[in-house]
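Hi,

Here is the structure I said I would pass on. Have a look at it first, and then read my notes below.

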Amino acid sequence: MLFTCGIQCVNPLHRHRRPAAALAKTSSKALSSPARRRTTKGGRSKPLIIDVHCHYFNTDVAAKAAVIDPAQKEFTHIFSNEFTRSVNYKQMRDRGPMLSNIPTRLKDMDRMGVDLQVVCPAPFQYYYFAEPGFGLELARDVNDGIAKIVAENPSRLLGMGTVPLQDSGLAVQELERAIKVLGLKGIEIGTNVNGKDLTDPSLQLDAFFSKVQELGAVLFMHPNGFSHGQRLTDHYLNNIIGNPLDTTVAVSHLIFDGVMKRYPRLKIILAHAGGYIAHYWARMDHGHKRADVRSVITTKPSKYLEKFYFDTITFDPQMLQNLINRFGPDHVLLGTDYPYDMGETDPVGLISAVPKLSQSDRQMIAGGNAQRLFKIKR
């Protein structure tokens, strides 16, 4: 789902003409209500319900980026017909407060039964197509904005940031600042950089992956439409099909090009339940018998796939059960894709509907895994 604003936007919620606010410190006057204390009948605390897939749109940064006309460079816009673009515009208008207004977000979290969100940028605020220096500036502003809303709502929000992957040196620089200075818990990355695979030698992203592993930060991989979506312009297919497809291509390259072999301690969460690769993994193992498939990795590809983590966005209890059975309850985490139209509005109910899932496994998926992965102490 694409949400973006042109320079002519007059939505009062967006406040485009206001200067970006300074990074706030944690305050006793924070907007958040405290996370509800979940207790058993015996008075013991229950695990938190944590959403690891939810987005925040920074309107000030969008106004700043308007000079490069981002919408015209997004694959979700390029490979969409006029009908889809009009529906996207309406969605932007209707859901803008959910993306950018924190009181609205907190009410929605309460309605969904979510105690804590690990908030990441809206995917169209990657700005990988910006000139590297400006891309770094925009990434810093996005990250400062995430850190600000977390500081104002420490009991309800944690943050992940973004980096300018179009320049590996600048990406490493902002990664270190985001984790060490701002205290963000991880970095959201796209599934390609301007149509280039993450393993494309010209991007030189091994330095980035190496630093992520060194810092122990979490990566959250989220697509933004399929990069070659000429056949997906109708029926919103560049989202419905394109998003999981681009994730499948990206993960395949991370596996077959050896990134997961070189950096075995990477912690990567895949959006949308891992795309198609998580549900058709046996085909790549079957193909691994070929010499050209084994040119970089000799271990079965699925062994590397088992290192990834997956959100719960399957929309079907049986599909979610299959995902859990294959990769284990310790590698599946609750996600909603809030507030987009392709998101899950009853994430706790979806987990509860999975048959034959133990209570301990439900609690692990609903929040325990996120607490462990993001080192959340509550």
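**Helix 3 and its surroundings**

Let's start with helix 3 (residues 82-100): its 19 residues reach 26 Å from the first C-alpha to the last, close to the 27 Å expected at 1.5 Å a residue. Keep in mind that this is a predicted model. Helix 3 does have a kink, of about 50 degrees, at aspartate 94, shortly before proline 97.

At the start of helix 3, look for asparagine 81: one of its side-chain oxygens comes to within 3.2 Å of the backbone nitrogen of phenylalanine 83.

Which residues of helix 3 are buried? They are Thr84, Asn88, Gln91, Met92, Gly96, Pro97, Met98, Leu99 and Ser100. So the list takes in Pro97, the proline that follows shortly after the kink at aspartate 94, given that buried means under 20% relative accessible area. The cover over the buried residues of helix 3 includes strand 1 (50-56), helix 1 (59-65) and helix 4 (102-112).

**The cores**

Next, the nonpolar side chains. The largest nonpolar core has 70 residues, and those touching the most other members are Leu165, Ile189, Phe208, Phe209 and Phe308. Helix 6 (residues 168-181) gives the most to this core, with five residues. In soluble globular proteins, nonpolar side chains do tend to be buried together.

Setting aside neighbours within four places in sequence, leucine 165 is in contact with Tyr128, Ala171, Ile189, Val193, Leu198, Leu203, Leu205 and Phe208. Another core, of 18 residues, lies apart from the largest one, and its members include Val118, Ile269, Tyr309 and Ile376.

**One alanine to click on**

Alanine 250 sits in helix 9 (residues 242-256). Is alanine 250 buried or exposed? With a relative accessible area of 2%, alanine 250 is buried. Not counting residues up to four places away in sequence, alanine 250 touches Thr191 and Met221.

**The whole chain**

Finally, the overall numbers. The chain holds 15 helices and eight strands, and 57% of its 378 residues count as buried. Of the contacts between residues at least 6 apart in sequence, 78% join residues at least 24 apart. The chain exposes about 16,300 Å², with carbon and sulfur atoms supplying 54% of that area.

Cheers

Note on methods:
Residues numbered from 1 in each chain as written. Predicted model: local features only at pLDDT ≥ 70, side-chain atom pairs only at ≥ 80, totals over all residues. Heavy atoms only, no water. Core = buried A, V, L, I, M, F, W, Y, C linked by side-chain atoms within 4.5 Å. Buried < 20%, exposed > 50% of the residue type's maximum accessible area, 1.4 Å probe, protein only. Helix = DSSP H or I, 4+ residues; strand = E, 2+ residues; numbered from the N terminus. Contact = heavy atoms within 4.5 Å. Expected span 1.5 Å × (residues − 1). Bend = angle between axes of the 7 residues up to and from the residue. Polar contact = N/O pair within 3.5 Å; in protein donor to acceptor, adjacent residues only side chain to side chain. Areas by Shrake-Rupley, 256 points an atom, 1.4 Å probe, with all protein chains shown as cover.
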